[in-house]
Amino acid sequence: MASMPDKILIVGGGSAGWMAALHLQDAWGDKGVDICLIESPTIGTVGVGEGTTPRLREFYTRLDIPESEWMPPCNATYKCGISFPEWSTVEGYETYFHPFWSKHDEKYVQYFWDNCRQRRNGHDIPAHPDDYFLTTSLARQLRSPISKHEPGTESVYGYHFDAALMGEFLKGKATQRGVTLIQDTITDVKVNQHGDISHVQTENHDKIKADLFVDCSGFKGLLIRQAMGEKLKSTKAYMFNDSAIAIPTPIKNRGEIMSETISRAMKYGWVWHIPLSHRIGNGYVYSSDYISKEEAETEFREYLGKDAEGVNALHLRWSPGRLENHWKNNCVAIGLSQGFLEPLEALMINVLQSTIEGFTACFEHGEYTDRYREAFNSQVSQYIDVILDYLQLHYKLNSRDDTAYWRDNRDNPNMSAQLASVLDTWDRNENMDRVLRQNTDQPAYPPLSWYCMLAGMGRFPEPSKGPLRLPARHQRRAREWNEKQAKTFYPHAEYLEKLYAG
Ligand SMILES: Cc1cc2nc3c(=O)[nH]c(=O)nc-3n(C[C@H](O)[C@H](O)[C@H](O)COP(=O)(O)OP(=O)(O)OC[C@H]3O[C@@H](n4cnc5c(N)ncnc54)[C@H](O)[C@@H]3O)c2cc1C
């Protein structure tokens with residue numbers, strides 16, 4: 001292919017398919033490319049994936065779709081960060097908050113860096129991250145990231161949304177903007193002697209040809225894996241989770257909607273709580289090597305209590321891993337077809353967004369050839385590998401002793417050289433910035449996130465030196481300032497009500 005494709009066929013109408021469709025329509029729709037999406041009326045979407053990082057805001061902003069237009073129909077809420085209760089048993093570090101960092105934090109962030117360094121050096125001083133960041137106080141006070149006083153001074157934030165409703169919203173938008181929707185099921189995929197996909201065979205529309213195929217068919221990877229033979233590189237040796245159960249519960253008090261995701265450690269994994277405007281999304285992510293599906297459901301239902309009685313559970317299973325080649329011949333994989341690690345930190349939508357944006361950029365720069373295909377593939381894989389390190393660190397840092405699951409995760413000898421060097425550098429109190437910069441050319445998370453996790457889970461030596469007065473004073477000052485600042489932001493429920501009312 002050495003010219004702009006005449007026709008692109010996107011296979012799959014989940015979040016990946018519709019986000020890809022809107023992005024491609026926006027990028028190339030006015031260049032005469034025919035963009036079609038086929039979704040099966042009988043094969044459903046994965047039905048989860050309701051938390052995001054701040055990256056999703058860029059997606060909607062670029063497409064010129066304001067929050068007032070998309071958030072109400074998707075029952076969406078704001079997300080200031082994520083709480084991690086019960087991952088650590090270190091006294092004083094039983095829970096921590098992963099904040100979204102913004103310019104509001106510039107004033108006091110240096111205190112956090114300094115206090116961590118002194119604490120790593122053995123001084124008995126406060127270095128827990130929770131007092132130093134505005135979004136932590138916003139979440140604690142059930143506030144939105146939107147300031148009451150000065151427009152444009154909002155904090156950085158992500159979203160929670162109903163995945164099914166967002167699918168419907170994106171579909172409406174994409175078709176309105178010119179994407180052609182075909183509702184049919186693919187029964188076969190034909191690959192020619194050059195290794196390119198020539199067409200897909202459908203139940204009711206016969207053959208559908210295209211120049212470029214985008215595989216958004218979910219876990220099975222109908223095109224890139226099943227038809228083109230791309231293999232998944234397993235990550236199971238690093239992180240053990242391969243299953244989840246989702247059970248929604250009702251919102252108890254509409255006047256008090258949380259602006260954070262909660263990721264609470266359980267006996268054999270962790271539970272997410274994602275607050276939407278009409279329900280709470282809950283899920284238990286676990287490893288099937290340690291607990292059966294039935295046992296996991298029993299533990300989860302006991303934990304959720306009465307609210308979950310009579311509510312159906314959605315069970316999901318995957319093979320953790322990622323593709324080596326996300327773009328192969330005339331096919332690019334976006335979403336779960338690329339592989340999936342696990343839902344911790346809600347990163348997959350981030351990955352699929354980066355993949356589709358990276359693909360269009362590489363294809364354009366290469367003048368619609370595959371000149372940058374290798375570079376693209378290694379960039380996407382590297383991006384996912386850094387995420388793998390970041391996610392695995394949660395498990396390496398846990399100090400729970402209640403089950404073999406947690407002990408095995410902590411003692412797991414399999415980790416990348418990069419992750420080992422992050423841990424080693426932290427423990428030796430050496431220069432973290434250097435090691436993090438070196439390891440994350442394309443960072444999914446800034447150094448601050450790594451610091452918050454390491455400090456938040458209490459990865460410090462036993463204090464061998466006395467307390468210092470200044471760090472304690474700095475921590476108090478940061479906490480007081482953040483708590484006061486937070487009061488100038490709208491209560492979350494109140495702001496949502498305004499937004500939803502138009
Ligand atoms: C337990 C769990 C929790 C998650 N939580 C998060 C989270 O909080 N944040 C986050 O960013 N990500 C999360 N993810 C990932 C997220 O759900 C996905 O990245 C996202 O939903 C995209 O999915 P998809 O569109 O690739 O696949 P799917 O939603 O599975 O869509 C596949 C589509 O392909 C179509 N299809 C399949 N076969 C055929 C066929 N033969 N013919 C025609 N069409 C076909 C289907 O009809 C469907 O439309 C989570 C994933 C899991 C498993």
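A polar contact here is a pair of N or O atoms within 3.5 Å; within protein, one atom must be able to donate a hydrogen and the other to accept it, and residues adjacent in sequence count only if both atoms are side-chain atoms. The model is predicted: local features need pLDDT of at least 70, side-chain atom pairs count only at pLDDT 80 or more, and totals for chains, interfaces and linings use all residues. Residues are numbered from 1 along each chain as its sequence is written, and side-chain values use heavy atoms, with hydrogens and water left out.

**View 1. Asn398, in the loop between helix H10 and helix H11.** Helix H10 spans 373–397 and helix H11 spans 404–411, with Asn398 in the loop between them. Helices (H or I, at least four residues) and strands (E, at least two) are DSSP runs, numbered from the N terminus. The side chain of Asn398 reaches the backbone oxygen of Tyr395 at 2.8 Å. A polar atom of that side chain also lies 2.8 Å from the backbone nitrogen of Arg400. Is Asn398 buried or exposed? Asn398 is buried, at a relative accessible area of 0%. Buried means under 20% relative accessible area, exposed over 50%, and partly exposed in between (1.4 Å probe, protein chains only). Beyond four places in sequence, Asn398 touches Trp87, Trp406, Asn409, Arg410 and Met457. Contact means heavy atoms within 4.5 Å.

**View 2. His326, in the loop between strand S20 and strand S21.** Strand S20 covers 321–323 and strand S21 covers 327–328; His326 sits in the loop between them. His326 counts as buried, with 0% relative accessibility. Which side chain makes a polar contact with the side chain of His326? The partner is the side chain of Ser381, at 3.1 Å. Leaving aside neighbours within four places in sequence, His326 is in contact with residues including Ile224, Cys331, Phe376, Asn377 and Ile384. Ser337 is 11 residues from His326 along the chain, and their C-alpha atoms are separated by 8.9 Å.

**View 3. Leu341, in the loop between strand S23 and H9.** Strand S23 covers 339–340, and Leu341 lies in the loop between this strand and H9. At 8% relative accessibility, Leu341 is buried. Leu341 and Leu388 are 47 residues apart in sequence, yet 7.2 Å apart in space, C-alpha to C-alpha.

View 4. The ligand is surrounded by 36 residues, and the closest are Gly13, Ile43, Gly51, Lys220 and Ile349. A residue is near a molecule if one of its heavy atoms lies within 4 Å of it. The shell divides into 19 nonpolar, 13 polar and four charged residues. Ala, Val, Leu, Ile, Met, Phe, Trp, Tyr, Cys and Pro count as nonpolar, Asp, Glu, Lys and Arg as charged, and the others, Gly among them, as polar. Helix H1 (15–28) and helix H9 (348–365) each supply at least two shell residues. H9 gives the most, with three. A nitrogen atom of the ligand is 3.3 Å from a polar backbone atom of Ser40. An oxygen atom of the ligand lies 3.0 Å from a polar backbone atom of Val46. For Met348, a polar backbone atom is 3.2 Å from an oxygen atom of the ligand. The protein covers 97% of the 1000 Å² of accessible area that the ligand has on its own. Accessible areas come from the Shrake-Rupley method with a 1.4 Å probe; for residues, only the protein chains shown count as cover.

View 5. Most residues other than glycine have a negative phi. Asn75 has a positive phi of about 50°. Asn75 lies in the loop between helix H3 (67–70) and strand S3 (77–79). Asn75 is buried, at 15% relative accessibility. Asn429 has a positive phi of about 55°. Asn429 lies in the loop between helix H12 (417–427) and helix H13 (432–439). With a relative accessible area of 22%, Asn429 is partly exposed.
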